[in-house]
Amino acid sequence: ELSLIFRISQSDQRRLYDIGIKTVGQLAESDVDYLQAKLEDWPFDKIVRFNNQAKVLLSQEPLTLKKPNFPNVRYEVYFDIESDPTKDIHYLLGVLVKDIKSGSKEYKYFFARNKEEESLIWKNFLDFLVELDDFVIYHYAYLERLVFDIFSLKYGAPSSLVSKFKENTLDLYNQTVESVILPLYFYSLKDVAGYIGYKWDDPEAGGAESVVWYNEWLEKKEPGVFKKILKYNEDDVRATMAIKEWLEGQKPSKRREKLEE
């Protein structure tokens with residue numbers, strides 16, 4: 001079913017149906033020049049992406065488009081946030097700091113026990129940012145930059161620190177989508193990291209479970225529950241690091257010329 005193609009919309013599916021393409025297999029077998037002739041208003045890059053995503057789903061072999069360029073720095077910081085949208089609170093900012101020179105890795109966190117403590121963990125995060133030098137911050141998808149902007153407006157931040165964050169931050173979701181085509185239906189952190197072999201301490205854990213644990217901890221203050229919240233967040237930042245290191249080791253596939261016809 002065409003809906004299995006990553007990032008395909010319902011309107012995209014209808015257009016493909018109109019030209020006789022109704023399955024992933026049919027899309028994979030279609031010639032890109034034929035598709036371009038039939039879908040003149042579609043960007044060629046979009047046609048090639050859908051065509052190659054279909055081929056990868058059938059072959060189950062990833063396709064590397066290009067080797068991403070990552071900055072050469074002393075410190076790599078992997079950043080992940082846990083939020084409870086039902087309470088409108090971002091309760092955990094977690095970072096994994098990797099010292100490239102020594103190879104050491106240190107997990108740090110900023111935890112809010114209630115909405116009032118959001119401003120405190122924001123201040124502590126900014127203090128952490130002040131001390132960083134020769135670094136890059138990696139995150140996966142949009143949430144971390146969004147929360148940074150929200151906190152900056154709500155609680156304030158020096159313009160120099162705002163610039164420091166934004167000028168030294170890379171979204172690994174974008175890097176992944178631009179660099180490789182994977183035999184996956186979704187490119188979430190758990191999907192991609194799981195595909196390359198990363199395993200969470202609790203395989204059933206996710207953002208929703210973290211929220212449940214947070215609310216359970218608010219009610220009972222059990223240390224074991226608090227540890228589960230932190231471990232899940234630490235797994236997220238370590239999974240982000242695993243994706244970066246995996247991408248770094250990829251080489252463009254021999255099939256790359258098909259993207260440049």
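**Exercise 1.** In this predicted model, are Trp-122 and Phe-125 buried or exposed, and how do their rings pair?

*Solution.* Start with accessibility: Trp-122 and Phe-125 are both buried. Now for the rings themselves: the centres are 6.3 Å apart, with 20 degrees between the planes.

**Exercise 2.** Work out what kind of pair Phe-79 and Phe-165 make, and where in the chain each one sits.

*Solution.* A search of the whole structure turns up 24 aromatic pairs. For Phe-79 and Phe-165, the ring centres lie 6.3 Å apart and the planes meet at 85 degrees, so call it edge-to-face; the cut-off for that label is over 60 degrees. Then locate the partners: Phe-79 belongs to strand S2 (residues 75–84) and Phe-165 to helix H7 (residues 159–167). Phe-79 and Phe-165 are both buried.

**Exercise 3.** Find which cluster the two pairs above belong to.

*Solution.* Follow the ring pairs, and you'll link Phe-79, Phe-110, Trp-122, Phe-125, Phe-128, Phe-148, Phe-151, Tyr-155 and Phe-165 into a cluster. Both pairs have their residues in that list.

**Exercise 4.** Which rings do the charged ends of Lys-46 and Lys-221 sit over?

*Solution.* Take Lys-46: its charged end is over the ring of Trp-42, 4.2 Å from the centre. Then Lys-221: its charged end is over the Trp-217 ring, 4.8 Å from the centre.

Notes
Residues are numbered from 1 along each chain as its sequence is written. This is a predicted model: local features need pLDDT of at least 70, side-chain atom pairs count only at pLDDT 80 or more; totals for chains, interfaces and linings use all residues. Side-chain values use heavy atoms; hydrogens and water are left out. Rings of Phe, Tyr and Trp (its six-membered ring) pair if their centres lie within 6.5 Å; planes under 30 degrees apart count as stacked, over 60 as edge-to-face and the rest as tilted. Helices (H or I, at least four residues) and strands (E, at least two) are DSSP runs, numbered from the N terminus. Buried means under 20% relative accessible area, exposed over 50%, partly exposed in between (1.4 Å probe, protein chains only). A charge sits over a ring if NZ of Lys or CZ of Arg is within 6 Å of the ring centre and within 35 degrees of the ring normal.
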